[in-house]
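Please read the following note alongside the sequence and the model.

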Amino acid sequence: MFKFTKKAKKKLKMAESRVKFDEDSSNGLFIEEKYIPEEILSLILCYVDHKTLLACQLVCKQWQFIMQDFVWHKKAELSLGRVIPKNKSVPWQLYYFSCTKPFEKNLIKNHSGELGLNAHWTVTASGGNGWKVEAPPHGVPPLPDDPVFEDKVHCFVTSFYVNPSSRHAQNVDILSCHKFQIVDLIKEGFTEYLLDNFQPKIKVSEWIASRWDCSATYGCDFQLIGVKNKKKVRVFDFKRMIKELTAENNTQNEWIKVEYTFEGYGKGLRKIKFMHGGQDRRFWRGHYGSKMAGACVKVENPIFDVDNDSV
(Lines give C-alpha, C1' and ligand atoms only; values in the text may rest on other atoms or scores of the structure.)
Protein backbone atom coordinates (compact mmCIF):
# COMPACT_ATOMS: atom_id res chain seq x y z
CA MET A 1 0.00 0.00 0.00
CA PHE A 2 1.32 3.42 -1.01
CA LYS A 3 2.34 5.71 1.86
CA PHE A 4 3.19 9.42 1.81
CA THR A 5 6.54 10.44 3.23
CA LYS A 6 6.58 12.97 6.07
CA LYS A 7 7.81 15.67 3.66
CA ALA A 8 5.02 14.93 1.17
CA LYS A 9 2.41 14.96 3.94
CA LYS A 10 3.67 18.36 5.11
CA LYS A 11 3.39 19.83 1.62
CA LEU A 12 -0.08 18.34 1.17
CA LYS A 13 -1.21 19.86 4.47
CA MET A 14 0.16 23.26 3.47
CA ALA A 15 -1.64 23.09 0.12
CA GLU A 16 -4.95 22.22 1.83
CA SER A 17 -4.54 25.12 4.26
CA ARG A 18 -4.04 27.77 1.58
CA VAL A 19 -6.71 30.42 1.46
CA LYS A 20 -8.30 31.20 -1.88
CA PHE A 21 -7.59 34.76 -2.98
CA ASP A 22 -10.37 37.20 -2.27
CA GLU A 23 -9.91 40.74 -3.57
CA ASP A 24 -12.03 42.14 -0.73
CA SER A 25 -10.27 40.26 2.07
CA SER A 26 -7.34 41.41 4.18
CA ASN A 27 -5.24 38.43 3.15
CA GLY A 28 -1.66 39.64 2.61
CA LEU A 29 -2.10 42.83 4.64
CA PHE A 30 -0.75 41.38 7.91
CA ILE A 31 3.01 41.69 8.45
CA GLU A 32 4.35 40.20 11.68
CA GLU A 33 0.75 40.03 12.93
CA LYS A 34 0.25 43.75 12.39
CA TYR A 35 -2.39 44.97 9.98
CA ILE A 36 -1.22 47.46 7.35
CA PRO A 37 -3.94 49.21 5.30
CA GLU A 38 -3.73 48.57 1.58
CA GLU A 39 -3.22 52.28 0.86
CA ILE A 40 -0.20 52.46 3.19
CA LEU A 41 1.31 49.24 1.85
CA SER A 42 0.89 50.53 -1.72
CA LEU A 43 2.74 53.75 -0.96
CA ILE A 44 5.55 51.89 0.81
CA LEU A 45 6.03 49.60 -2.19
CA CYS A 46 6.24 52.61 -4.51
CA TYR A 47 9.59 53.49 -2.96
CA VAL A 48 11.09 50.01 -3.31
CA ASP A 49 13.53 49.64 -6.22
CA HIS A 50 12.01 48.15 -9.37
CA LYS A 51 14.11 44.96 -9.30
CA THR A 52 13.00 44.11 -5.77
CA LEU A 53 9.39 44.83 -6.74
CA LEU A 54 9.52 41.95 -9.21
CA ALA A 55 10.15 39.60 -6.28
CA CYS A 56 7.49 41.32 -4.19
CA GLN A 57 4.90 40.35 -6.77
CA LEU A 58 5.48 36.72 -5.82
CA VAL A 59 4.66 37.18 -2.12
CA CYS A 60 0.95 36.52 -2.54
CA LYS A 61 -2.05 37.22 -4.76
CA GLN A 62 -2.95 40.28 -2.70
CA TRP A 63 0.42 41.90 -3.29
CA GLN A 64 0.37 40.99 -6.95
CA PHE A 65 -3.03 42.61 -7.35
CA ILE A 66 -1.96 45.79 -5.49
CA MET A 67 1.18 46.14 -7.55
CA GLN A 68 -0.36 45.57 -10.94
CA ASP A 69 -3.37 47.74 -10.15
CA PHE A 70 -1.52 50.70 -8.61
CA VAL A 71 2.13 50.36 -7.61
CA TRP A 72 3.76 49.86 -11.01
CA HIS A 73 1.86 52.81 -12.49
CA LYS A 74 2.84 55.09 -9.59
CA LYS A 75 6.43 53.81 -9.61
CA ALA A 76 6.73 54.70 -13.30
CA GLU A 77 5.43 58.21 -12.64
CA LEU A 78 7.98 58.71 -9.87
CA SER A 79 10.81 57.40 -12.07
CA LEU A 80 9.90 59.54 -15.09
CA GLY A 81 8.97 62.61 -13.09
CA ARG A 82 5.76 63.13 -15.05
CA VAL A 83 2.09 62.21 -14.91
CA ILE A 84 1.05 59.08 -16.80
CA PRO A 85 -2.69 58.84 -17.57
CA LYS A 86 -4.16 55.67 -16.05
CA ASN A 87 -4.86 53.29 -18.88
CA LYS A 88 -6.30 49.78 -18.65
CA SER A 89 -4.68 48.86 -21.97
CA VAL A 90 -1.15 49.31 -20.64
CA PRO A 91 0.36 46.05 -19.32
CA TRP A 92 2.30 46.32 -16.08
CA GLN A 93 5.48 45.27 -17.87
CA LEU A 94 5.60 48.64 -19.66
CA TYR A 95 5.48 50.46 -16.33
CA TYR A 96 8.36 48.24 -15.18
CA PHE A 97 10.46 49.04 -18.26
CA SER A 98 9.75 52.74 -17.71
CA CYS A 99 11.37 52.43 -14.28
CA THR A 100 14.58 51.12 -15.83
CA LYS A 101 14.88 54.42 -17.76
CA PRO A 102 16.29 53.18 -21.07
CA PHE A 103 13.86 55.41 -23.00
CA GLU A 104 14.07 59.00 -24.28
CA LYS A 105 17.86 59.30 -23.98
CA ASN A 106 20.37 59.74 -26.78
CA LEU A 107 22.02 56.38 -27.42
CA ILE A 108 24.69 57.83 -29.73
CA LYS A 109 28.00 58.36 -27.98
CA ASN A 110 30.17 61.36 -28.91
CA HIS A 111 27.33 62.76 -31.01
CA SER A 112 29.12 65.93 -32.15
CA GLY A 113 32.82 65.14 -31.78
CA GLU A 114 33.23 66.53 -28.26
CA LEU A 115 35.34 63.45 -27.41
CA GLY A 116 37.41 63.68 -30.58
CA LEU A 117 36.96 62.22 -34.03
CA ASN A 118 37.39 58.51 -33.41
CA ALA A 119 35.80 57.97 -29.99
CA HIS A 120 32.87 55.53 -30.47
CA TRP A 121 32.87 56.04 -34.27
CA THR A 122 34.33 53.83 -37.00
CA VAL A 123 35.73 55.92 -39.86
CA THR A 124 35.24 54.07 -43.15
CA ALA A 125 36.38 56.81 -45.56
CA SER A 126 38.50 59.91 -45.01
CA GLY A 127 38.98 61.39 -48.47
CA GLY A 128 40.38 64.79 -49.39
CA ASN A 129 41.87 66.20 -46.21
CA GLY A 130 39.79 63.85 -44.12
CA TRP A 131 37.46 64.42 -41.19
CA LYS A 132 37.84 67.20 -38.66
CA VAL A 133 36.12 68.41 -35.48
CA GLU A 134 35.38 72.13 -35.18
CA ALA A 135 34.43 74.01 -32.00
CA PRO A 136 32.66 76.23 -32.72
CA PRO A 137 31.66 75.46 -36.33
CA HIS A 138 33.31 77.74 -38.92
CA GLY A 139 31.49 79.59 -41.69
CA VAL A 140 27.97 78.79 -40.45
CA PRO A 141 25.58 80.23 -37.85
CA PRO A 142 25.84 78.99 -34.23
CA LEU A 143 24.34 75.61 -33.41
CA PRO A 144 20.56 75.64 -32.86
CA ASP A 145 19.05 75.73 -29.38
CA ASP A 146 18.53 71.99 -28.93
CA PRO A 147 19.08 69.96 -25.72
CA VAL A 148 20.84 67.28 -27.76
CA PHE A 149 24.01 69.43 -27.82
CA GLU A 150 24.25 69.48 -24.01
CA ASP A 151 25.58 73.08 -24.15
CA LYS A 152 28.55 72.02 -26.29
CA VAL A 153 29.57 73.71 -29.56
CA HIS A 154 31.33 70.91 -31.47
CA CYS A 155 30.59 69.52 -34.91
CA PHE A 156 32.08 67.09 -37.42
CA VAL A 157 33.16 68.52 -40.79
CA THR A 158 34.05 66.74 -44.05
CA SER A 159 36.45 67.53 -46.89
CA PHE A 160 36.47 67.56 -50.71
CA TYR A 161 35.57 64.62 -52.95
CA VAL A 162 38.34 62.52 -54.49
CA ASN A 163 36.32 60.31 -56.82
CA PRO A 164 34.58 62.47 -59.49
CA SER A 165 31.64 60.04 -59.59
CA SER A 166 30.86 60.87 -55.98
CA ARG A 167 29.80 64.36 -57.00
CA HIS A 168 26.41 62.88 -57.87
CA ALA A 169 26.43 60.22 -55.16
CA GLN A 170 23.29 58.24 -54.44
CA ASN A 171 24.68 56.25 -51.51
CA VAL A 172 26.56 57.36 -48.42
CA ASP A 173 29.46 54.97 -49.00
CA ILE A 174 30.37 56.76 -52.24
CA LEU A 175 30.89 60.09 -50.51
CA SER A 176 34.42 61.26 -49.76
CA CYS A 177 34.05 61.03 -45.97
CA HIS A 178 31.82 58.64 -44.08
CA LYS A 179 31.73 56.84 -40.73
CA PHE A 180 29.31 54.86 -38.59
CA GLN A 181 28.35 53.88 -35.06
CA ILE A 182 26.38 50.83 -33.97
CA VAL A 183 23.99 51.01 -31.02
CA ASP A 184 23.50 47.68 -29.24
CA LEU A 185 20.02 47.95 -27.75
CA ILE A 186 20.46 44.96 -25.44
CA LYS A 187 23.59 46.49 -23.90
CA GLU A 188 21.71 49.78 -23.50
CA GLY A 189 19.19 48.11 -21.20
CA PHE A 190 16.43 47.01 -23.55
CA THR A 191 15.26 43.41 -23.48
CA GLU A 192 14.33 41.10 -26.33
CA TYR A 193 10.84 40.81 -24.82
CA LEU A 194 10.36 44.59 -24.90
CA LEU A 195 11.70 45.02 -28.44
CA ASP A 196 9.76 42.10 -29.92
CA ASN A 197 6.42 42.54 -28.18
CA PHE A 198 6.06 46.33 -27.92
CA GLN A 199 8.27 47.48 -30.84
CA PRO A 200 8.77 51.02 -29.50
CA LYS A 201 9.18 53.87 -31.97
CA ILE A 202 12.78 54.76 -32.77
CA LYS A 203 13.60 58.35 -33.67
CA VAL A 204 16.83 59.07 -35.52
CA SER A 205 18.01 62.61 -36.16
CA GLU A 206 20.97 64.90 -36.82
CA TRP A 207 21.67 68.59 -37.54
CA ILE A 208 23.55 69.37 -40.76
CA ALA A 209 24.87 72.50 -42.48
CA SER A 210 27.18 73.81 -45.22
CA ARG A 211 29.33 76.94 -45.18
CA TRP A 212 28.13 80.25 -46.55
CA ASP A 213 30.84 80.22 -49.25
CA CYS A 214 30.83 76.55 -50.31
CA SER A 215 27.95 74.21 -51.08
CA ALA A 216 28.17 70.63 -49.86
CA THR A 217 26.63 67.17 -49.96
CA TYR A 218 25.41 65.22 -46.92
CA GLY A 219 24.35 61.59 -46.77
CA CYS A 220 23.00 59.26 -44.10
CA ASP A 221 21.99 55.64 -43.83
CA PHE A 222 20.05 54.52 -40.73
CA GLN A 223 19.60 50.76 -40.41
CA LEU A 224 17.67 48.53 -38.04
CA ILE A 225 19.56 45.28 -37.63
CA GLY A 226 18.31 41.93 -36.45
CA VAL A 227 20.89 39.47 -35.18
CA LYS A 228 20.12 35.77 -35.64
CA ASN A 229 23.51 34.59 -34.47
CA LYS A 230 27.10 35.82 -34.44
CA LYS A 231 27.53 35.32 -38.18
CA LYS A 232 24.17 36.28 -39.68
CA VAL A 233 22.64 39.71 -39.47
CA ARG A 234 19.54 41.02 -41.20
CA VAL A 235 18.81 44.61 -42.13
CA PHE A 236 15.02 44.64 -42.07
CA ASP A 237 14.41 48.38 -42.18
CA PHE A 238 16.42 51.42 -43.19
CA LYS A 239 16.23 55.05 -44.18
CA ARG A 240 18.75 56.36 -46.69
CA MET A 241 19.03 59.88 -48.04
CA ILE A 242 21.37 62.25 -49.87
CA LYS A 243 20.89 66.01 -49.45
CA GLU A 244 22.51 68.75 -51.51
CA LEU A 245 23.10 71.83 -49.37
CA THR A 246 23.22 74.69 -51.88
CA ALA A 247 22.18 78.31 -52.28
CA GLU A 248 19.90 77.28 -55.12
CA ASN A 249 17.65 75.21 -52.84
CA ASN A 250 18.00 77.61 -49.90
CA THR A 251 19.78 75.09 -47.67
CA GLN A 252 23.23 76.68 -47.55
CA ASN A 253 24.58 78.52 -44.50
CA GLU A 254 21.89 77.29 -42.09
CA TRP A 255 21.37 74.34 -39.79
CA ILE A 256 18.82 71.79 -41.00
CA LYS A 257 17.50 68.91 -38.95
CA VAL A 258 17.35 65.51 -40.63
CA GLU A 259 15.03 63.13 -38.79
CA TYR A 260 13.14 59.90 -39.29
CA THR A 261 10.95 57.66 -37.13
CA PHE A 262 10.92 53.87 -37.40
CA GLU A 263 7.74 52.10 -36.26
CA GLY A 264 5.95 48.82 -36.89
CA TYR A 265 9.23 47.22 -37.91
CA GLY A 266 8.47 43.69 -36.66
CA LYS A 267 10.26 41.31 -34.32
CA GLY A 268 13.99 40.78 -34.21
CA LEU A 269 15.47 44.26 -33.75
CA ARG A 270 18.66 44.18 -31.69
CA LYS A 271 20.98 46.89 -33.06
CA ILE A 272 20.85 50.20 -34.91
CA LYS A 273 23.51 51.36 -37.37
CA PHE A 274 23.91 55.12 -37.74
CA MET A 275 26.02 56.03 -40.79
CA HIS A 276 26.65 59.51 -42.13
CA GLY A 277 29.05 61.28 -44.45
CA GLY A 278 29.63 64.19 -46.76
CA GLN A 279 31.90 66.28 -48.96
CA ASP A 280 32.12 69.74 -50.48
CA ARG A 281 30.90 70.47 -54.03
CA ARG A 282 33.76 72.70 -55.19
CA PHE A 283 36.84 70.56 -54.60
CA TRP A 284 38.42 73.09 -52.24
CA ARG A 285 41.46 72.04 -50.27
CA GLY A 286 40.77 71.89 -46.53
CA HIS A 287 37.49 71.28 -44.70
CA TYR A 288 34.70 72.97 -46.60
CA GLY A 289 32.37 69.99 -46.78
CA SER A 290 29.10 69.34 -44.95
CA LYS A 291 29.02 69.72 -41.19
CA MET A 292 27.03 67.50 -38.83
CA ALA A 293 26.26 67.62 -35.12
CA GLY A 294 23.86 66.22 -32.57
CA ALA A 295 23.61 62.70 -34.01
CA CYS A 296 20.79 61.12 -32.07
CA VAL A 297 19.02 57.78 -31.65
CA LYS A 298 16.16 57.68 -29.16
CA VAL A 299 13.77 54.88 -28.31
CA GLU A 300 10.36 56.32 -27.46
CA ASN A 301 8.49 55.03 -24.44
CA PRO A 302 5.62 52.90 -25.82
CA ILE A 303 3.63 53.58 -22.66
CA PHE A 304 2.37 56.77 -24.30
CA ASP A 305 1.42 55.08 -27.58
CA VAL A 306 -1.07 52.53 -26.25
CA ASP A 307 -4.64 53.18 -27.40
CA ASN A 308 -6.37 55.36 -24.87
CA ASP A 309 -8.75 53.45 -22.64
CA SER A 310 -8.54 55.57 -19.54
CA VAL A 311 -10.33 54.84 -16.32
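Which residues does Ser290 touch, not counting residues up to four places away in sequence?

1. Ser290 touches Phe156, Val157, Thr158, Ala209, Ala216, Thr217, Tyr218, Leu245, Gly277, Gly278 and Gln279, where contact means heavy atoms within 4.5 Å. Before going further, please note that this is a predicted model, in which local features need pLDDT of at least 70 and side-chain atom pairs count only at pLDDT 80 or more, while totals for chains, interfaces and linings use all residues. Residues are numbered from 1 along each chain as its sequence is written, and side-chain values use heavy atoms, with hydrogens and water left out.

2. Ser290 sits in the loop between β11 (269-280) and β12, and with a relative accessible area of 0% this residue is buried (buried means under 20% relative accessible area, exposed over 50%, and partly exposed in between, with a 1.4 Å probe and protein chains only). A polar atom of the Ser290 side chain lies 2.9 Å from the backbone oxygen of Thr217, and Thr217 is also one of the residues that Ser290 touches.

3. As for the protein as a whole, there are six helices and 12 strands, which are DSSP runs numbered from the N terminus (helices are H or I, at least four residues; strands are E, at least two). Of the 311 residues, 45% count as buried, and among contacts between residues at least 6 apart in sequence, 77% join residues at least 24 apart. The protein exposes about 17300 Å², of which carbon and sulfur atoms supply 52%; the areas come from the Shrake-Rupley method with a 1.4 Å probe, and for residues only the protein chains shown count as cover.

4. The largest pocket has a volume of about 310 Å³, and β7 (202-209), β10 (256-262) and β12 (291-299) are the elements that give two or more residues to its lining. A pocket here is an open set of points on a 1 Å grid over the protein atoms alone, where a 1.4 Å probe fits, with protein on both sides within 12 Å along at least five of seven lines, and lining residues have an atom within 4 Å of a point. Grid points are joined across faces, edges and corners, and the volume is the space filled by probe spheres set on the points.

5. Of the 20 residues that line the largest pocket, Val148, Ser205, Lys257, Cys296 and Lys298 lie nearest its centre. By class the lining has seven nonpolar, five polar and eight charged residues, where Ala, Val, Leu, Ile, Met, Phe, Trp, Tyr, Cys and Pro count as nonpolar, Asp, Glu, Lys and Arg as charged, and the others, Gly among them, as polar.

6. Helix α5 (residues 92-99) is mostly covered, with six of its eight residues buried, namely Leu94, Tyr95, Tyr96, Phe97, Ser98 and Cys99. The cover over these buried residues includes α3 (50-56), α4 (61-80) and α6 (192-198). After α5 comes Lys101, whose phi is positive, near 60°.

7. Some further backbone details deserve a look. Most residues other than glycine have a negative phi, and most peptide bonds are trans. The peptide bond from Ala135 to Pro136 is cis, with omega near 0°, and Pro136 lies in the loop between β4 (132-134) and β5 (155-157). Asn253, in the loop between β9 (233-245) and β10, has a positive phi near 60° and is partly exposed at 32% relative accessible area. Phe283, in the loop between β11 and β12, has a positive phi near 60° and counts as partly exposed at 44% relative accessibility.

Technical notes
Polar contact = N/O pair within 3.5 Å; in protein donor to acceptor, adjacent residues only side chain to side chain.
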